[in-house]
Amino acid sequence: MDAPYAKLEQPEAGIARVLAHNPSALTYYGTQTYLLGTDEVAIVDPGPDLPEHVDALEQAIAGRPVVAIMCTHTHRDHSPASRPLAERTGAPIVGCAPLALETVGPRADASFDGDYAPDRILSDGETLEVESKPIVAVATPGHTSNHLCFAYDGALLTGDHVMGWSTTVVVPPDGDMASYMASLDRLRKREDRVYYPAHGPAVTNPQQYVRHLLGHRMQREKQILRLVGEKPRPIPDIVSNAYPGLDPRLVIAAGGSVLAHLLDLERRGLVEQQQDLWTTA
Ligand SMILES: [Zn+2]
């Protein structure tokens, strides 16, 4: 794919980014690592541990002091490069809490970086400064339970909570649809001027975009309720009806999102599960 891999881009003064070469059906062209600041920098979402990406980041840093290496969450396309980068720069790893799911069993999830080890965990509202400007942690659980966005100079670094190219995948057991919706609603009430997501282009109309995402999820929920209202259905059947023409590489992710909706509806007493069939309660 033709994309600006390993090149330093500068979306605005004080905010630069480098794209990692990890394109996939779930990451779009790859993970975008951001550099906040001018004379000193904070790194947001260092990305996958690919030597050429870490080299490109080191070049982009160009010897400037690194105040922190910050992670929005611990999926393997976001946090693993924090370790080689910390080794090369001496900067602390700061941001989301660690989260290790089991490697086998019902809570297994190979997409998590189990080796993530932060020097400092930021809770909601806690800050860190780069060049006397605050970077504020905004807790946004849902995509993962430990997800943070980072507010900086009127911009919001949204990680995977809001992406610029596709809707976010919310997969149980760690992903939670009710939390995700509440975190979207939280963003709706903020007044960020622009979003910089880890995947896809910047979002220059945040309010409108978040309202669109909330509406999309509510439509999806209605559709799932209608489908299980017609007859009891297993998840693959719901997926093939709700996502016609879906890219086969996304069937598992879509199944995860449908399950996330069903678990939320079950908690609200609207659906129930009998073996692998879901039906209205
Ligand atoms: Zn993620």
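Donors are N, O and S atoms within 2.8 Å of the metal (3.2 Å for Na, K and Ca); water is not among the atoms, so sites may look incomplete. Keep that in mind for the opening stop. You are looking at a predicted model, in which local features need pLDDT of at least 70, side-chain atom pairs count only at pLDDT 80 or more, and totals for chains, interfaces and linings use all residues. Residues are numbered from 1 along each chain as its sequence is written, and side-chain values use heavy atoms, with hydrogens and water left out.

**The zinc ion**

Select H73, H75, H143 and D160. These are the protein donors of the zinc ion, through NE2, ND1, NE2 and OD, and they lie 2.1 to 2.2 Å from the ion. Along the chain, their spacing reads H-x1-H-x67-H-x16-D. What is the site like, judged by its angles? The four donor atoms make angles of 89 to 165°, and the site is irregular. Four donors count as tetrahedral if all angles lie between 85 and 135 degrees; four count as square planar and six as octahedral if opposite donors are over 155 degrees apart and all others between 65 and 115; anything else is irregular.

**The seven-stranded sheet**

Now show the strands. Helices (H or I, at least four residues) and strands (E, at least two) are DSSP runs, numbered from the N terminus, and two strands pair if DSSP finds at least two bridges between them. Seven strands make an open, mixed sheet in the order β1-β2-β3-β4-β5-β6-β7. Select 8-12 and 120-121 to see the edge strands β1 and β7, each of which pairs on one side only. Then move to β4 (41-44) and β5 (66-71), which pair in the parallel sense over four bridges; V41 stands opposite V66 there.

Contact here means heavy atoms within 4.5 Å. Axes are lines fitted to C-alpha atoms, for helices over the stretch in contact, and angles run from 0 to 180 degrees between N-to-C directions. Helix α2 (82-89) lies across β4, β5 and β6, at about 175° to β5.

In the loop between β2 and β3, find Y28. Its phi is positive, about 60°, although Y28 is not a glycine. Most residues other than glycine have a negative phi, and most peptide bonds are trans.

**The five-stranded sheet**

Another open, mixed sheet runs β8-β9-β10-β11-β12. β8 (127-130) and β12 (194-197) stand at the edges with a single partner strand each, so one side of each is left without a neighbour in the sheet. From one strand to the next, the twist averages 25°. Zoom in on β10 (148-152) and β11 (155-159), antiparallel strands joined by three bridges, where A151 has L156 as its bridge partner.

Follow the chain into the loop between β11 and α3 to reach P173. The peptide bond from P172 to P173 is cis, with omega near 10°.

**Crossing helices and a hairpin**

Which angle do α4 (206-230) and α6 (251-267) make where they cross? Their axes come within 10 Å and cross at roughly 75°. Among the residues in contact are R217 and E221 of α4 and H261 and D264 of α6.

Finish at β13 (271-274) and β14 (277-280), which pair antiparallel over four bridges. Two residues lie between these hairpin strands, and Q275 takes a positive phi near 50°.
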